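Here's a quick briefing to read alongside the model. Have the sequence and the 3D view open as you go.

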Amino acid sequence: MGVAGSDYPGDYSVEFGVYRGGWLEAAQRYRHRTLQQKWVQAEKLSARTDFPEILKKRGCVGYRRLGVEWGGGHSATMDAPLLAIQKELEVPIALHWHNWHHLKFDNEYSHFLPPKPGFAERVKDLVSQGVLVMPYINGLSANFNIPDFANFGPHANVDEAGGYRMHHYSDSAGRLLSMCPTQEYWQNTISSLVQTLVEDYGVNAVYVDQIAAMEPELCFNRQHGHPLGGGLYWTDGNRELLTKVRNISGRQGRNPLITSEGTDEVFMDLVDGSLTWAQPTDREIPMMEVVYSGYAIFFASACDFKKSDEFFGYVHGQAFIDGRQNGWMDSSLFRPENSVKVEYLRQSARLRVATKRFLVYGRLWGPVLPENSIPTIRVDGFGSDRHAGTVPAAEARLWQDEDGHLAVFLANYGGGPVEFKYRIDPAKFGLSGRRYDITDIPPGGTIPISTATEAVERKETLGPRKVKVIEIAVRQRESVPPGSSR
Ligand SMILES: [Zn+2]
């Protein structure tokens, strides 16, 4: 596809081989390898100096894609429903704010400014109430029909014949085409837009759409100075763009969150959160979380909450135990008829905050397989084809924090109680001690429940639609906690 002579030397090593095991073993091997690559050079989240203070303090935020009505009136009146949700959930929330701008979504890019009237006042109000305000912008596409496209055209991707490649994203979208990320003009357009939002309007986060979601697009523009149709220009160009965004928006002591769509790993050290919005499915595995836990934050458990409570429980329970930030739904979720779902979201969100040393800074080892038979539930509406699937009513995952403590995260997705029996050998995960303390971690405290001397064997009784976290730590003290001992 490329032009002869424009290829690039293999500048990374490739390893082929045969191994015994399934996806989990492959993911563990890949983790070991990928942690030595350029895109995790920023090290663990806990060690990153550029990791936003707002995330350090909280460990996480509740990203919500709320359909914020503009309406009329004062900012305080318009923001009241949002703040009521924050109060109900009892965790700090974030607003992934679409349609804050004057333009129609997916049109007139990249002229997002000016915002709708009252935007600055609303941002100020929400930020002062502890909300993370993250407006949407697009970091890749420009619209062919904007009046000054002549300025953008020379910096757009072109095909082999030198023509523009239009993308049809929807019937209501404009004539969008991808800009070449190597181009300083485009890099400056996006970074100055982010700078204005941060410095002039006071937002504490910006979502830069598409960059970490799109497959590389081959660019044959001979004026761009990169290899034609090949090479590393897509990755390197977007890395330069995101670096500029971070450097410019981070001036004057500001340190806003920069997030993007999707989980493209080559940009992972340059974003503070990766949006995961694929349709929930019974065929999903937490591969990215096993590989990148402790190094990246994945956010969203998007789902159609008009579907069953079981569907919602499965999607949100699995996001919780896998370490993905729950949320990304509009505010109609909080209508009275959805109270069962909201309660599931609330307990997952609160428990995530209480266990951030595992789910944000720790490592996901993988599923904890039950030693007993777990009932199943039938759930309709998985994936883009809306197929029905049979899934376990409860699942568990094993996490380890940076101090070496282990924790079993359990979620009961369904409406009946589930007994979940499991066995963990702490020595396999580097814990050595004569005795281990077993602790229940509900939101807002810890409850010592037992001790163990070798492998931990337990049976948890999970109430209907309940999530639970059990910590296993080497005993540091001599006093015997209450409860049974083993
Ligand atoms: Zn180009």
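What follows covers the domains, the helix pair and the core.

This is a predicted model, where local features need pLDDT of at least 70, side-chain atom pairs count only at pLDDT 80 or more, and totals for chains, interfaces and linings use all residues. Residues are numbered from 1 along each chain as its sequence is written.

**Domains**
- The chain is assigned domain 1 (23-359) and domain 2 (369-485), with bounds from an automatic or database domain assignment.
- Their centres, taken over C-alpha atoms, sit 31 Å apart.
- Domain 1 puts 29 residues into the contact and domain 2 puts in 28 residues (contact: C-beta atoms, placed from the backbone, within 7 Å).
- On the side of domain 1 that touches domain 2, the largest share, 10 residues, comes from H9 (helices are DSSP runs of H or I, at least four residues, numbered from the N terminus).

**Helix pair**
- H9 and H10 pack at an angle of about 5°, with axes 10 Å apart (axes are lines fitted to C-alpha atoms over the stretch in contact, and angles run from 0 to 180 degrees between N-to-C directions).
- H9 and H10 are therefore roughly parallel (angles under 35 degrees).

**Core**
- The largest nonpolar core has 112 residues, and Val 206 and Leu 410 are among those touching the most other members (buried Ala, Val, Leu, Ile, Met, Phe, Trp, Tyr and Cys joined through C-beta atoms within 7 Å; buried means 20 or more other C-beta atoms within 10 Å, with C-beta atoms placed from the backbone).

Notes
Buried ≥ 20, exposed ≤ 12 C-beta atoms within 10 Å, placed from the backbone. Helix = DSSP H or I, 4+ residues; strand = E, 2+ residues; numbered from the N terminus. Parallel < 35°, antiparallel > 145°, perpendicular 65-115°, else oblique. Contact = placed C-beta atoms within 7 Å.
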